[in-house]
Amino acid sequence: KRGVKMGFFQKKKNDASIQADAKPKTSNGKKYLIAVACRAGMGSSSLLHIKVKSVIEENGYPIETIHGNLDVLIGFTGDAFMSMADIAAEPDFQNKPYEVIGIQNIMSKEEIQGKLETFLETMQTK
């Protein structure tokens, strides 16, 4: 099996990640940046960030993430901001130069995956 060298150890890639490597989700080869944040950056957004990274890895999405409190958005030039739906719906986050993604259930990988796929489709049409 293929593996990734990590120091003295070798981590085996499972079949799903090998497939993800072979099938990029975008045709333009671009990597996107999403800021995952909430007001404090410690509780709910930390859990959301863990789930988002897991979905990205499992599906081979061309997305990188950063995490923190809402201050990470000061001067943010990335592609999207993801947070809980109530925060994303606030007037402060309307008409931004980046996509705003609200998540109702931060523990739902299915919802996160659906929102990320919609985001990727939107980015391909821009």
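Residues are numbered from 1 along each chain as its sequence is written, and side-chain values use heavy atoms, with hydrogens and water left out. Because the model is predicted, local features need pLDDT of at least 70 and side-chain atom pairs count only at pLDDT 80 or more, while totals for chains, interfaces and linings use all residues.

Begin with the aromatic rings, of which the structure holds three pairs (rings of Phe, Tyr and Trp, the last by its six-membered ring, with centres within 6.5 Å; planes under 30 degrees apart are stacked, over 60 edge-to-face, the rest tilted). Select Tyr 32 and Phe 119, whose ring centres lie 5.6 Å apart with planes at 80°, so this pair is edge-to-face. Tyr 32 belongs to strand S3 (residues 32-38) and Phe 119 to helix H4 (residues 109-125), so the pair ties together parts 87 residues apart in sequence (helices, H or I, of at least four residues and strands, E, of at least two are DSSP runs numbered from the N terminus). Both Tyr 32 and Phe 119 are buried (under 20% relative accessible area; exposed is over 50%, partly exposed in between, with a 1.4 Å probe and protein chains only).

Next select Phe 81 and Phe 93, a tilted pair with centres 4.9 Å apart and planes at 35°. Phe 81 is buried at 0% relative accessibility, and Phe 93 is buried at 9%.

Finish at Val 100 in strand S6 (residues 99-103), which is partly exposed at 29% and touches Phe 81, Ala 88 and Phe 93, leaving aside residues up to four places away in sequence (contact means heavy atoms within 4.5 Å).
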